[in-house]
Amino acid sequence: MNLVDRDAANIFHTYKRLPLHIERGEGSYLITKDGDRYLDMFAGIAVNALGYNHAIVNAAILNQVGKYLHVSNMFYQEPQVLLAERLLQESGYSKLFFCNSGTEAMEGALKLARRWGSPKGKRTIIGLSESFHGRTYGSLSITGRDKYREGFEPFLPGTTIAKFNDVASLEKLTSAETLAVVVEFVQGEGGVNPVSKEFASALRELQKKYGFLLIADEIQTGIGRTGKLFAFNHFDITPDIVVVAKALGGGLPLGAFLGSKELGDVLTPGVHGTTFGGNPVACAAGLATLVQILDHGVMRNVQTVGAHMKNQFGILQSRFPQKIKEVRGLGLMLGVEMYADATTIVDSLQSRRVLVNLTQGTVLRWIPPLNLTVADAELALASFESTLQ
Ligand SMILES: Cc1ncc(COP(=O)(O)O)c(C=O)c1O
């Protein structure tokens with residue numbers, strides 16, 4: 001049996017996998033067992049911020065592997081403290097909690113919010129339509145897409161969904177009982193949809209009026225993806241809780257939620273915890289990655305290469321107005337919405353050795369490594385242009 005058949009025979013069939021047998025990665029490229037090189041424009045769904053096989057990240061991992069792979073969270077762990085210090089210093093938040101994944105970080109954020117708000121009589125957590133926050137029950141309860149929810153009811157009590165970028169819908173659902181509103185400032189799975197300035201401003205006003213917590217889901221957008229540390233930094237707004245994962249562990253599983261000063265003392269010993277969360281190897285990889293992004297020009301690269309790609313997509317849109325409906329996004333998180341189902345475009349790009357992700361059926365989501373070179377961006381753009389032709 002080949003790998004595809006053995007996978008099908010043994011693993012629950014929940015993923016639509018690409019028919020490629022990847023052997024290794026190198027920079028922004030994935031190399032198959034047959035030696036074919038693919039330019040990866042979705043980077044492990046925004047996990048591999050520095051691409052594959054990055055020498056500095058690998059060295060940090062090996063250094064920690066030589067010390068210890070795991071000790072329980074009953075011990076103080078320097079890699080956790082170093083990463084926490086840098087992240088909090090950079091973001092201005094007060095405390096954080098490490099876990100293993102995006103959805104787990106969101107669960108922790110919801111628990112932090114409930115622990116803060118329940119004694120105040122605040123109950124309702126509001127998610128937004130087209131959002132995606134993960135697959136566990138808290139996250140799923142505030143995820144606004146039927147595709148992920150169908151068949152999994154009933155959801156967490158005290159959760160509801162308002163319409164994304166619809167101020168009236170948000171106003172209608174918020175009250176003094178609102179505990180939190182959870183927002184992706186650029187929706188990822190939902191189709192690379194940035195929050196509008198009006199919606200951000202309404203969020204700020206309603207937050208002031210009712211005193212609810214604003215939770216930013218920065219799992220996909222965080223750690224430099226949009227050209228700033230967090231996507232909400234593009235808006236004049238300060239969330240109370242920030243949820244991160246994906247790029248945080250530099251390719252290893254790591255998530256975290258960050259809390260503002262006001263929330264610093266809400267969680268006390270024993271009320272929340274995890275066995276694996278904050279794994280020292282993942283924290284070491286994460287710190288090495290963060291330092292590259294912040295101190296070694298990667299964030300600047302996101303801004304320049306991202307702006308160039310967006311501009312070029314705009315030019316392609318004006319040349320192919322019947323095909324491209326809209327170009328949107330920030331930094332190296334770009335969406336090109338087509339008028340029709342874009343499966344054939346994705347397949348055609350793949351035959352040209354460029355991998356791009358499709359979301360919502362019509363939106364090409366470009367989320368490459370943050371250190372993508374201009375030459376590789378040009379290659380992707382040229383392949384896209386040939387495909388359109
Ligand atoms: C915005 C957002 N939130 C939450 C998640 C869930 O993260 P994980 O798959 O690590 O649980 C994702 C994953 O794609 C995401 O993009």
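Two strands pair if DSSP finds at least two bridges between them. Strand S4 and strand S12 (residues 255-259) pair in this way, in the antiparallel sense, over 5 bridges. The model is predicted: local features need pLDDT of at least 70, side-chain atom pairs count only at pLDDT 80 or more, and totals for chains, interfaces and linings use all residues. Residues are numbered from 1 along each chain as its sequence is written. Helices (H or I, at least four residues) and strands (E, at least two) are DSSP runs, numbered from the N terminus.

**The seven-stranded sheet**

- Strands S4 and S12 belong to an open sheet of 7 strands with mixed pairing, in the order S4-S12-S11-S10-S7-S5-S6.
- Strand S4 (95-99) and strand S6 (159-162) are the edge strands, and each pairs on one side only.
- On average, neighbouring strands of this sheet are turned by 20° against each other, direction ignored.
- Axes are lines fitted to C-alpha atoms, for helices over the stretch in contact, and angles run from 0 to 180 degrees between N-to-C directions.
- Helix H4 (residues 78-91) packs on the sheet and touches S4, strand S11 (241-244) and S12. The direction of H4 makes about 135° with that of S4.
- Strands of a sheet pair through backbone hydrogen bonds, either parallel or antiparallel.

**Leucine 252**

- Leucine 252 sits in the loop between S11 and S12.
- A residue is buried if 20 or more other C-beta atoms lie within 10 Å of its own, exposed if 12 or fewer, and partly exposed in between, with C-beta atoms placed from the backbone.
- Leucine 252 counts as partly exposed because it has 18 C-beta neighbours inside 10 Å.
- Two residues are in contact if their C-beta atoms, placed from the backbone, lie within 7 Å. Leaving aside neighbours within four places in sequence, leucine 252 is in contact with Asn279, Val281, Ala282 and Ala285.
- Isoleucine 61 is 191 residues away along the chain from leucine 252, and their C-alpha atoms are separated by 9.6 Å.

**The four-stranded sheet**

- Another open sheet has 4 strands in the order S1-S2-S3-S15, with mixed pairing.
- The edge strands here are strand S1 (22-26) and strand S15 (354-355).
- S1 pairs with strand S2 (residues 29-32) in the antiparallel sense over 4 bridges, and the bridge partner of glycine 25 in S2 is leucine 30.

**Two domains and their contact**

- The domain assignment, automatic or from a database, gives domain 1 (3-53 + 299-388) and domain 2 (57-295).
- The C-alpha centres of the two domains lie 25 Å apart.
- In domain 1, 24 residues are in contact with 24 residues of domain 2.
- Helix H11 (298-319), strand S13 (324-330), strand S14 (333-338) and strand S17 (363-366) each supply at least two residues of the side of domain 1 that touches domain 2.
- Ala, Val, Leu, Ile, Met, Phe, Trp, Tyr, Cys and Pro count as nonpolar, Asp, Glu, Lys and Arg as charged, and the others, Gly among them, as polar.
- By these classes, that side of domain 1 has 12 nonpolar, 9 polar and 3 charged residues.

- S13 and S14 form a hairpin with 2 residues between them, and glycine 331 in the turn has a positive phi of about 60°.
- S13 and S14 pair in the antiparallel sense over 6 bridges, and arginine 328 stands opposite glycine 335 in S14.
- S14 also pairs with S17 in the antiparallel sense over 4 bridges, where leucine 334 stands opposite tryptophan 366 in S17.
- In S14, 5 of its 6 residues are buried.
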